[in-house]
Amino acid sequence: MFVPFDSTMLLAILPEILLVVLAGVVLALDAAWQPEKRRWLGWLTVVGLAVAFILTATVSQPESEPRLLFGGMLRDDWLSFAFRLVFLFGAAITTLFAMDHEALGRKGEFYVLLLVSTLGMNLMASAGDLIMLYLAIETTSIPLYILAGFITTDDKSTEAGFKYLLFGAMTSAVMLYGFSLLYGFSGETNLYLLAGKLGELPMPALLGSLLLVLVGFSFKVSAVPFHFWAPDVYEGAPTPVAGFLSTASKAAGFAVLMRVLLAAFPAALPSWQGLIALLAVVTMTVGNLLALAQTNVKRLLAFSSIAHAGYILIGVVAVNAAGMNLGMASVVFYLIAYLLTNLAAFGAVATFGRVSGSDEMDAYKGLSRRSPALALVMLVAFLSLSGMPPFGGFIAKVFVFAAAVEANWIWLAVIGVLNSIIGLYYYLTLLKYVYLYRQDNLEEEQKPLPISRPYALALVLLVIGIILLGTAFNPWFEWSRTAAASLF
Amino acid sequence: MINFSLQEANPMLAPEYIPLAILFILATALGFLVVIIGNLFGPRRPSIRKAMPYESGMRPIGVGTRRTPVRFYLTAMLFILFDVEVIFFLPWAVVFRELGLSGLIEMGLFLLILLIGFIYAWKKGALEWE
């Protein structure tokens, strides 16, 4: 059946169209330009993403009622709208971080892969159909495998790319098997039509296919026991890419997780709540305990990002079957706060690593004397990660734990708070290196630590964002609430 | 549309799934059975010649991990690029009239995106053999 052309449908996928156009322009210019002009590709990408962000925010707002577009392939609602903006922002910031990276900055391929991956994430957030969902997940993942292994002369980066590919391919195959079972049981691929058919299914069949699907999603959000790739990949991948992986890619995973659980599996709600609660507890605890032992900052951030996936899962558990409550809204808010905070943390690590060439904690000794501004950014980012007021991470944690209490998951909130305390310890340990310790060789502290313009711009934007989220949080939370409401 | 009408009393015994379950059990059992029987009754007379890596029955020449020129990979990728293009073209040509102008525009956009990739590959020297 051919659906006649409708211009409002095109408006709904405007961000995706702009991303494709931008990727095409960057790829063509990369081939056409002389090598010395290619450093402008980064600025071109940033400006393009900024334009796409503004156009999306103003022109392609969804209609008040959610719509299924293109034969049910995409769902146009406030959740996909909010996540699209988040991904475009995350990609722009990542571009700023990569621009002065000597191995990434002048390669047009880097920006194209980043843009294509962002396109996939946009589609993940709005997919309304199993087939679209799988295609979107692969469109996101395949460029990310290449990006993680982008520095082919560096063994660690190659290892990271390959490990990510193997893990990704395996979990994606398991997830695809789950999709095939869902289709086999119901005869439907549309998420919103699935729910009605799945309700009549025997519980073991329903839970079995749900488990298989969850494997793929858990890999994307790096939840235990599918987290093994995260530390090695984050350590080996170029730092801007690791930042992108741990924020935008994770947010996309959660967008999909929320939509699929609520749209296709309302029949099994109590069962998957228990399952996700278990996953949350294990993820938080394992992530935090392993982070304690790390001496490499990127590995530390990897385990911290696993722990944060656990906190966010608490918000997913705390959903109310009857309808809208704090749960999903707190997840969206947490993801926004976490994106800003973790991008700032990885940005600071990238800035520092570019000059010093090391990501070990020992190298961070005396940073506050070497570069007070960068030390301040690290302070803001790590205090926000640990959940300290007045930063975004604090409010995000409050909402998530409040959602758990509201939905009568009090023990889960208690475990979450206990885990936050463990987290506080290792975040403060790193800050101790930055602020209290001195280098053994004091001359080392005299070396200048230049922060180039793109880094400065990105870090300032992120710090302002973190503080805004932590102080004037009400409008942001209202947006999260609107976005989450369209899930139901 | 496939209709799975499930029994109300004990849905796990839905008749549609019984052949599937039997197949699953048989396949698993057969896999184990073949390996176990082979291990129990098969004669084992190891020799150096048998332990050698198999290379079409010949004595292996050189190392197993030889390098293959990356050019083959590029050529294969370009082949797939144009192959997929043709695959999309055929069904499009069949319903060309029904699709009308919008179909033409869509195919034009598809070609444009492909063309950018082609120009990129060309400029980067993917088409040069040496």
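At roughly what angle do the axes of H4(A) and H11(A) cross, and within what distance do they come? In this predicted model, in which local features need pLDDT of at least 70, side-chain atom pairs count only at pLDDT 80 or more, and totals for chains, interfaces and linings use all residues, the axes of the two helices come within 9 Å and cross at roughly 175 degrees. Residues are numbered from 1 along each chain as its sequence is written, while chains are lettered from A and ligands numbered from 1 in the order in which they are written.

Axes are lines fitted to C-alpha atoms, for helices over the stretch in contact, with angles running from 0 to 180 degrees between N-to-C directions; helices (H or I, at least four residues) and strands (E, at least two) are DSSP runs numbered from the N terminus. H4(A) and H11(A) are therefore roughly antiparallel to each other, given that angles under 35 degrees count as roughly parallel, over 145 as roughly antiparallel, 65 to 115 as roughly perpendicular and the rest as oblique. Residues of H4(A), including Phe83(A), Phe87(A) and Gly90(A), meet residues of H11(A), among them Phe244(A), Thr247(A) and Ala251(A), where contact requires C-beta atoms, placed from the backbone, to lie within 7 Å. This contact of H4(A) with H11(A) has 13 nonpolar, four polar and no charged residues, with Ala, Val, Leu, Ile, Met, Phe, Trp, Tyr, Cys and Pro counted as nonpolar, Asp, Glu, Lys and Arg as charged, and the others, Gly among them, as polar.

H4(A) also packs with helix H20 (residues 474–485) of chain A, their axes coming within 6 Å and crossing at roughly 130 degrees, and the two helices are therefore oblique to each other. Here Trp78(A), Leu79(A) and Ala82(A) of H4(A) meet Trp479(A), Thr482(A), Ala483(A) and Ala484(A) of H20(A), a contact comprising six nonpolar residues, one polar and no charged.

At the level of domains, whose bounds come from an automatic or database domain assignment, chain A is divided into domain 1 (1–264) and domain 2 (268–488), with 22 Å between their centres, taken over C-alpha atoms. Their contact takes 41 residues from domain 1 of chain A and 49 residues from domain 2 of chain A. On the side of domain 1 of chain A that touches domain 2 of chain A, helices H4 (78–99), H9 (203–221), H10 (229–236) and H11 (239–264) each supply at least two residues, and the largest share, 15 residues, comes from H11(A). That side has 27 nonpolar, nine polar and five charged residues.

Helix H13 (residues 297–317) of chain A has 21 residues and reaches 30 Å from its first C-alpha to its last, close to the 30 Å expected at 1.5 Å a residue, the expected span being 1.5 Å times one less than the number of residues. Since 21 of the 21 residues of H13(A) are buried, this helix is largely enclosed by the rest of the structure; a residue is buried if 20 or more other C-beta atoms lie within 10 Å of its own, exposed if 12 or fewer, and partly exposed in between, with C-beta atoms placed from the backbone. Of the 130 residues of chain B, by contrast, 1% count as buried, and chain B has four helices and zero strands.

A cis peptide bond joins Val224(A) and Pro225(A), with omega about 5 degrees, and Pro225(A) lies in the loop between H9 and H10 of chain A.

Technical notes
Two residues are in contact if their C-beta atoms, placed from the backbone, lie within 7 Å.
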